[in-house]
Amino acid sequence: ERPSLLAQVGPALRSDSAEFEEMCELDVLQKSAAESVDTTSPRHLETLKCLWENAFPYAGPTRRLSDVWTQLGFQGRDPVAELRVSGGYMALCHLLNVVKAEEKQKLVRPALPMLATASMDVTAMLQAYLGLSETAALPAGCAHQPCPPEVQSAFLTVHARDERALGSIHLALVRHL
């Protein structure tokens, strides 16, 4: 396994605490972006269950494999298969955040059919743009266009103060679609 960027340059940055803090935040976010959905992880399974319960309150007990997932915009019966290649656990958390916000807004159900795809695409684009993932699966026709360093720096500063910042940006972008 390749050492993280923080491990490579961290000692040299300790003299500049702001830059070091940004590098630490970037390292944490890059690790988070690289986290695949793991069906053996209780935390991941609980998040998937929470998504099911919020998206399909009428559908009974959580089913990992079900045609019901397509109502949310997944292409097949297994959301985990799509999440593993489209943003991983971070995309699952972002989608749950969107579904919970949708419930609060009492949006009509017809707005949901493409929600999973749109949410996973936004997660992947944010991961690529903010330098959180070099391998994010971008939607067709989207070129990997990283943000300017000052934008990444500003984002990392904000995210260090409020870990919900990335999720809030994601939600705003999905709502804008």
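This is a predicted model: local features need pLDDT of at least 70, side-chain atom pairs count only at pLDDT 80 or more; totals for chains, interfaces and linings use all residues.

Residues are numbered from 1 along each chain as its sequence is written, and side-chain values use heavy atoms, with hydrogens and water left out.

**Helix packing**

- Helix 6 (residues 115-129) packs against helix 8 (residues 165-176) at an angle of about 130°, with the two axes 10 Å apart; axes are lines fitted to C-alpha atoms over the stretch in contact, and angles run from 0 to 180 degrees between N-to-C directions.
- This angle makes helix 6 oblique to helix 8, a class left over once angles under 35 degrees (roughly parallel), over 145 (roughly antiparallel) and 65 to 115 (roughly perpendicular) are set aside.
- In the contact, defined by heavy atoms within 4.5 Å, L115, S119, V122, T123 and L126 of helix 6 meet L166, I169, H170, L173 and V174 of helix 8.
- By class, the contact of helix 6 with helix 8 has seven nonpolar, three polar and no charged residues.

**Cysteines**

- The structure holds zero disulfides, a disulfide being a pair of cysteine sulfur atoms within 2.5 Å.
- The sulfur of C50 has its closest cysteine sulfur in C93, and because they are 9.8 Å apart, this is too far for a bond.
- C50 counts as buried at 19% relative accessibility, whereas C93 counts as partly exposed at 29%; buried means under 20% relative accessible area, exposed over 50% and partly exposed in between, with a 1.4 Å probe and protein chains only.

Conventions: Helices (H or I, at least four residues) and strands (E, at least two) are DSSP runs, numbered from the N terminus. Ala, Val, Leu, Ile, Met, Phe, Trp, Tyr, Cys and Pro count as nonpolar, Asp, Glu, Lys and Arg as charged, and the others, Gly among them, as polar.
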